[in-house]
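Hi,

Here is the structure I promised to pass on to you. Have a look first, and then read my notes below.

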Amino acid sequence: MTDETTEQATKEWTDNRLVAEGVRMPAGYTISYSGVWVEKQVGKEMVNVRVAWAPLVIKAVYVDPIGDQAVELAWVDRGQVVTRTVQRSVVRRGRILVATLGDAGLPIIESDAKLAERYLAAFESINQGKIPRVHLARQLGWQRDGTFVTAQDTPHRVEVKYDEQKPALAAHEPAGTFAGWQAAIKRMESYPPAQMALYACLAAPLLQIVGVNSFAVDICGRSTRGKTTAAAGGMSAWADPSEKADGLYSWRTTMLAAEKRLNLVNGLPVVFDETKLVQNPEMVHGLLYAIPKNHGAARGGGWPSGLPWRTVVVSTGEQSVLTFTTDQGAGARVLSIKEAPFGTDGAESAAAAIEVRDGTAENYGTAGPRYIEKLLDAMAGDGKRRLVARHKELTEAHRYDSDMSARRAPFVACLALAAELSHQWGIVPFPPPEMDVWQRLFAMTDQTDNRGEMALDVVREYVASHGSELWSPHTEEKAPFSGWIGRDLQIDGVPTVALLPQRLRDVLQRANYDLDAVLPSWLEADALVKNEKSRPAYLIPKKLGGRLARMLVFVPGQIVSTETDPGDGE
């Protein structure tokens, strides 16, 4: 095989973008349409030994923000150029390379793996000045060079660290038209609660600029009120929100899987859909505390550790995410929207939600890139300082009258700033809501965040309306059809109740509370009687209809009032 053959093949592959112009073969190697060969001495003769069964080259080297490298390989398969990107460590180990890319048609067999490993090293060495070195993104969103990646190759190539992230990455792509998207979103104009999901998704790129940590927006309430549709409408600015894609993430997940999903973004939103799918309330509790830290848990043993992110999480479901947490301090990290996103106007509300759902399922991923283009322009010169100053003004405007609202004010201000900018830049086709609407949605008294006390109110109402289902030592009646819910008793002569845990769990579940989540606050508030001989101490054996049952015994005065009814004056 002659050098002229190699030069001619290389020229043709340059024209076909297989290799960059000026790339050379290393000494002793030749390349043709039949493969790659290396000259070796066998006995007294020099012979060509096959390295690869088709043309194979290194097309580009990608460098991620922390300096780790990936290599893009290119080869010809039946006249078509095939490219695959793998980690540098894979390219340096021939057998692992064959195992990794064999299914993609890599033209190397395992017996030639060592030869291919050496060839690729020699090829890159001699062509260091010709093989392009390209920035490689590991996350969507803000990059260290100040650019913002909204989708694959827009503007940088994205190679995620974990295979689980690939479906969500693929969902971030444009489809349909920007005008079609605006027409669909226009139907949100009369429904401020639905708009908040859109503004939450547009607020995510602002967090890094104004110095606000990640937070969550919780859209909760009765079913068939458009919660998922509102969240999907917001997500459609960036990604495919339909069921056929992975633009929306499910609450049926684990802590590590959720961290990996969050790790995909650095300035883009993540939607966690349908809280009724939660399998472990403690996971939700842990995630609510992890989100504003902007990174995941530290782990050893080779497990993913400290995964970074920056995002606004939008959660949907009949049950608020705050009902899963054991600490009311989590409420300061979550903006709750309890109004029906598309109102309660029957057919009109349903029609609006359907138009948003169907319109954004066909038109998505077009508004976000335009929004980022305007944002980057706005940050030029003194622009970033002006954005920060405006966020501070909005934070003061949205502090309202309680400590809890004041702690949430920077988050509300992010949504308000996104609303202002997106309308000013011609992205969202309607103006932001008036201040009284924001206050109605987000002003919250400190008392409304005390979920332990609110859950006790549910128990009080239940006991008051189901007194006939409480057993007492003086009961002669048969048990109700559904069974006793607990029993009356007295402690030091003061009346109280003991309730069966499962009946109590069912009651709270219907009111969107989780017993395991509110128990710690009840214990901290000394609402339950404890017996150190019991395990756990708050489940105490008490007689119930001739047998012993472990029950939650409430401290006198917590459920059954010890005060005398003053009457109504008659």
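**The sheet and its helices**

Leu136 has Arg157 in S10 as its bridge partner. Strand S7 (residues 133-137) and S10 pair in the parallel sense over two bridges; strands here are DSSP E runs of at least two residues, helices are H or I runs of at least four, and both are numbered from the N terminus. Two strands pair if DSSP finds at least two bridges between them.

This is a predicted model, where local features need pLDDT of at least 70 and side-chain atom pairs count only at pLDDT 80 or more, while totals for chains, interfaces and linings use all residues. Residues are numbered from 1 along each chain as its sequence is written, and side-chain values use heavy atoms, with hydrogens and water left out.

The open sheet has five strands with mixed pairing, in the order S6-S5-S4-S7-S10. At its edges are strand S6 (80-87) and strand S10 (157-158), each pairing on one side only. Helix H3 (residues 94-101) packs on the sheet and touches strand S5 (69-77) and S6 (contact means heavy atoms within 4.5 Å).

**A look at Thr253**

Thr253 sits in the loop between strand S12 (248-250) and helix H10 (255-263). Is Thr253 buried or exposed? Thr253 counts as buried because its relative accessibility is 11%, and buried means under 20% relative accessible area, with exposed over 50% and partly exposed in between (1.4 Å probe, protein chains only). Leaving out residues up to four places away in sequence, Thr253 touches Ala258, Phe272 and Met283.

Enjoy exploring!

Methods
Axes fitted to C-alpha atoms, helices over the stretch in contact; angles between N-to-C directions.
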